[in-house]
Amino acid sequence: MNNILLLGANGQLGRSFIEHGELSTLGRVFAASRDGTRFDGGPAEMADLSTPDALNKVLDKLCPSVIINTAAYTAVDRAEQEELLATTVNGEAVGVIARWAAAHQALVVHYSTDYVFDGHGTSPYAVDATTAPLGAYGRSKLAGEQALRVSGAAYLLFRTAWVYAPHGHNFLRTMLRLGAERDELRVVADQQGAPTSTDIIVRATLAALTAWQAAAPGERAKLQGVHHLVASGHTSWHGFADAILEKAHARGLIPRKPKVLPITTADYPTPAQRPAWSVLDNQGFQQHFGYALADWQQGLDHVLDTLAKQAR
């Protein structure tokens, strides 16, 4: 049976993989986190991507045939002051993992971001579109992509965007908290993207891994490479916030729906510049793996249904 190493087990995406449970149908799963603990008290190895030189120790111990890297430095604004740390975690550590995988014929599943693009597009970004990050976070994630590409390892590199979950720190949970406290919210309306729940990412990744395992060695070369794993459709942060609050109120998660006023990016300055257009073309993923990526509104419904059940 395959050994599967899940890095970043306590993060938004790593936790979703564990809670979903089906990864264990593809092999024996070993979870790893930065401090060797797990959110649910389950067993975990220590794998801190901020100290890349130590990663070979856990890789040699577990000998995974599949490495799923959900660990990342994701503090977009703080990365402007901590670019070295962001690049260590998102770039250098990915290179260490990938070189180990190449030497041991393991598959790397890695996640990147819409921030590798400059956001000046007007149509969905193709996987081979020119990358031009606007800030430190995007540069650090692009460094990881490049390290993976040149490593010689077999890899599935999934770019995603606007990720959220029922747990962790994310836009949806912030909107629910503020929506319960305020009568009026002001949300940026001139940035476009596809809100993508971790549930969509987990299910799509499992479909891709199933296809990979079923493919003959010659067919795997056609599956390998960069894919855009995002929900279908797109909206603005304002549109996303309005949908969150309307649907949350309908489920009784907030007592009333506050007014959501549109503002511009210039009205809400941040240390890191955000891409104005973060829409990624996901057709290639759907064609390669024979898996339909749900519309972002379906993903939102699923997450809010989960929160409503937890609230009962």
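Predicted model: local features only at pLDDT ≥ 70, side-chain atom pairs only at ≥ 80, totals over all residues.

Helices (H or I, at least four residues) and strands (E, at least two) are taken here as DSSP runs, numbered from the N terminus, and two strands pair if DSSP finds at least two bridges between them. Within this pairing, Q192 has W277 of β14 as its bridge partner.

Residues are numbered from 1 along each chain as its sequence is written, and side-chain values use heavy atoms, with hydrogens and water left out.

## Salt bridges

Side chains of opposite charge can pair when their charged atoms come close. The structure holds 15 salt bridges, a salt bridge being a side-chain nitrogen of Lys or Arg within 4 Å of a carboxyl oxygen of Asp or Glu.

Select D199 and R203 next, whose side chains meet in a salt bridge with an N to O distance of 3.0 Å. Both residues lie in helix α6 (residues 198-214), where they are 4 residues apart, about one turn of the helix.

Then go to R251 and D305, which form a salt bridge with 2.7 Å from N to O. This pair links distant parts of the chain, 54 residues apart, with R251 in the loop between α8 (237-250) and β13 (259-263) and D305 in helix α10 (residues 296-311). R251 is partly exposed, with a relative accessible area of 28%, and D305 also counts as partly exposed, at 34%. If you extend the selection to K247 and D301, you will have a network of salt bridges that links K247, R251, D301 and D305.

A further pair to display is R78 and E82, whose closest N and O atoms are 3.4 Å apart in a salt bridge. R78 counts as partly exposed at 49% relative accessibility, and E82 counts as partly exposed at 28%.

## Two buried helix residues

Centre the view on T88, which has its place in helix α3 (residues 83-103) and is buried, with a relative accessible area of 13%. Leaving aside neighbours within four places in sequence, T88 is in contact (heavy atoms within 4.5 Å) with L49, S50, P52 and A93.

From there, turn to S140 in helix α4 (residues 136-150), a buried residue with a relative accessible area of 0%. Which residues does S140 contact, once its neighbours within four places in sequence are left aside? They are A86, T87, N90 and G91.

## A cavity and a pocket

On a 1 Å grid over the protein atoms alone, a cavity is a set of points where a 1.4 Å probe fits but cannot get out, and a pocket is an open set with protein on both sides within 12 Å along at least five of seven lines; lining residues have an atom within 4 Å of a point. Grid points are joined across faces, edges and corners, and a volume is the space filled by probe spheres set on the points.

The structure holds 1 cavity of 30 Å³ or more, and about 60 Å³ of space lies in the largest cavity. To see its lining, select V76, E80, Y115, F117, L134, G135, A136, Y137, G138, A272, Q273 and P275.

Finish at the second largest pocket, with about 270 Å³ of space. Of its 15 lining residues, S16, E19, P166, H167 and T306 are the closest to its centre. The largest share of this lining, 5 residues, comes from α10.

How values were computed:
Buried < 20%, exposed > 50% of the residue type's maximum accessible area, 1.4 Å probe, protein only.
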